[in-house]
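Colleague: I have some time to go through this one with you. Can we take it piece by piece?

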Amino acid sequence: MTRLDARQGVDFGRSTVLLRVRSLSVRFDVRSILVCFALLAATLAVAVVSLSTGDYKVSMQQVLQAFTGDAPGFAQTIVMEWRLPRVLSALVFGAALGMSGGVFQSMTRNPLGSPDIIGFNTGAYTGALVVMLTLGGGYLGVAAGALVGGVLTAIAVYLLAFRRGSQGFRLIIVGIGISAMLAALNHWLILQAELEAALAAAVWGAGSLNGITWEQAAPAAVVVVLVGLATLVVSRRMQLLEMGDDAARALGVRAEPTRLLLLVLGVALTAAVTAVAGPIAFVALAAPQLARRLTRSAGITLLPSAFMGAFLLAASDLAAQRLFAPIQLPVGVVTVCIGGIYLVWLLAREARKS
């Protein structure tokens, strides 16, 4: 039996919805649900605009017809084969980055704790570069290299920051140091490579969705969905860890194993994106904090972070396509510009609080 109850109780004045399915009950915050729906509507609007605009204009009616297979001739190919893989990649990858940023900001209890800052993006990029420039691997090899590079970087940061438990501030400081060393290694690898391979690696390293196809997008999307669902399952324990290790242990959560599991899941989300699109910066940094301000939640919530990340990357990719058309910028160039402004604001805000 399924029952839906709306109530307002011990949630500090926040309206909640309690969903009961037999012995299982899940509580949802009403404001968070509304924010997710609003972000979903905005993201779908951006997606429709992306599908209909370009060098070849496609009407809204033709976009809808393309999904049913009734679009006239060339419009069907443009929408379904050329534009839709890129749009869906932006949505899925943005959600993955937003969720990954939420995981690390929750773990470190710091708004600067994201894979961009800690260095996991850079580590995934290093792994992919090694495969691209030295082993000459294809897409699967690059994907495996990005995953291995990200995981090895995460293990190195975790072990170097570990001292009677891994504390958030140490993770950030150690991550920044390792990220700087890996960035130097990446530059050296590109300088030593053949000119054509180095140029391709440099463009890919800016973070780009240009020319993405179903063969690249579909496997990455499957990985992101599976890892994202696993992350949502663990999110309850993640929120308990924000109360402190002692409080989490008192509630039955094993602190370090849970933190290590979250670390692996967060890195897997980042590496899946990096393997296809390169290291896209600042979405993981900004999305969780923007979502938190909209939901007015006490801590990081992963689902709003994912929706915000999808919106940010979809909007940034649309800007990358249309701002200097017919020249298409790597989407990472746009996210760096937006994220840089956000980072300056965040640092100024933290300085005022201190």
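Modeller: Let's start with Asn 121, which is found in helix H5, residues 120–135. Keep in mind that this is a predicted model.

Colleague: Is Asn 121 buried or exposed?

Modeller: Asn 121 has a relative accessible area of 6%. The cut-off for buried is under 20%, so Asn 121 counts as buried.

Colleague: What is Asn 121 in contact with, leaving aside its neighbours within four places in sequence?

Modeller: Pro 115, Asp 116, Thr 270, Thr 274, Pro 279 and Ile 280. Take Pro 279: Asn 121 and Pro 279 are 158 residues apart in sequence, yet their C-alpha atoms are 5.7 Å apart in space.

Colleague: Pro 115 is in that list. Which other residue touches Pro 115?

Modeller: Ser 100 is one of them. Apart from neighbours within four places in sequence, Ser 100 is in contact with Pro 115, Gly 266, Leu 269 and Thr 270. Thr 270 is also a contact of Asn 121. Ser 100 has its place in helix H3, and at 0% relative accessibility Ser 100 is buried.

Colleague: Stepping back, how many helices and strands does the protein have?

Modeller: The secondary structure comes to 14 helices and three strands. The protein has 354 residues, and buried ones make up 49% of them.

Colleague: And what share of the contacts join residues at least 24 apart?

Modeller: 67%, counted among contacts between residues at least 6 apart in sequence.

Colleague: Charges next. How many salt bridges does a search of the whole structure find?

Modeller: One. Asp 317 forms a salt bridge with Arg 86, and the closest N and O atoms are 2.9 Å apart. The pair links distant parts of the chain, 231 residues apart: Asp 317 sits in helix H13, residues 302–322, and Arg 86 in helix H3.

Colleague: Are Asp 317 and Arg 86 buried or exposed?

Modeller: Both Asp 317 and Arg 86 are buried.

Colleague: Now aromatics. How many aromatic pairs are there?

Modeller: The count comes to three aromatic pairs. Tyr 56 and Phe 74 form one that is edge-to-face, at 5.4 Å centre to centre and 85° between the planes. That pair links distant parts of the chain, with Tyr 56 in the loop between helix H1 (30–52) and helix H2 (60–68), and Phe 74 in helix H3, residues 73–108. The two residues are 18 apart.

Colleague: Why is the pair of Phe 74 and Trp 82 called edge-to-face?

Modeller: The ring centres of Phe 74 and Trp 82 are 5.4 Å apart and the planes are at 90°. Planes over 60 degrees apart count as edge-to-face, so the Phe 74 and Trp 82 pair falls in that class. Tyr 56, Phe 74 and Trp 82 form one aromatic cluster.

Colleague: How accessible is Trp 82?

Modeller: Trp 82 has a relative accessible area of 51%, so Trp 82 is exposed. Tyr 56 is partly exposed at 39%, and Phe 74 is partly exposed at 43%.

Colleague: You mentioned H1. How far does H1 reach from its first C-alpha to its last?

Modeller: H1 reaches 33 Å with its 23 residues, close to the 33 Å expected at 1.5 Å a residue. Its buried residues include Ser 32, Val 35, Cys 36 and Leu 39. After H1 comes Gly 54, with a positive phi near 150°.

Colleague: Which residues have a positive phi without being a glycine?

Modeller: Among them are Arg 109, at about 55°, and Phe 282, at about 75°. Most residues other than glycine have a negative phi. Arg 109 lies in the loop between H3 and helix H4 (115–118), and is partly exposed at 46% relative accessibility. Phe 282 is in the loop between helix H11 (255–277) and helix H12 (283–295). At 16% relative accessibility, Phe 282 counts as buried.

Colleague: Last topic, the surface. Which residues form a nonpolar patch there?

Modeller: Val 148, Leu 152, Ile 155 and Leu 159 do, with about 390 Å² of accessible area together. Leu 159 lies in helix H6, residues 139–161, and is exposed with a relative accessible area of 58%.

Technical notes:
Residues are numbered from 1 along each chain as its sequence is written. This is a predicted model: local features need pLDDT of at least 70, side-chain atom pairs count only at pLDDT 80 or more; totals for chains, interfaces and linings use all residues. Side-chain values use heavy atoms; hydrogens and water are left out. Patches are made of residues with over 30% relative accessible area and no salt bridge: like charges are joined within 9 Å, nonpolar side chains (Val, Leu, Ile, Met, Phe, Trp, Tyr) within 5 Å. Accessible areas come from the Shrake-Rupley method with a 1.4 Å probe; for residues, only the protein chains shown count as cover. A salt bridge is a side-chain nitrogen of Lys or Arg within 4 Å of a carboxyl oxygen of Asp or Glu. Helices (H or I, at least four residues) and strands (E, at least two) are DSSP runs, numbered from the N terminus. Buried means under 20% relative accessible area, exposed over 50%, partly exposed in between (1.4 Å probe, protein chains only). Rings of Phe, Tyr and Trp (its six-membered ring) pair if their centres lie within 6.5 Å; planes under 30 degrees apart count as stacked, over 60 as edge-to-face and the rest as tilted. Contact means heavy atoms within 4.5 Å. The expected span of a helix is 1.5 Å times one less than its number of residues.
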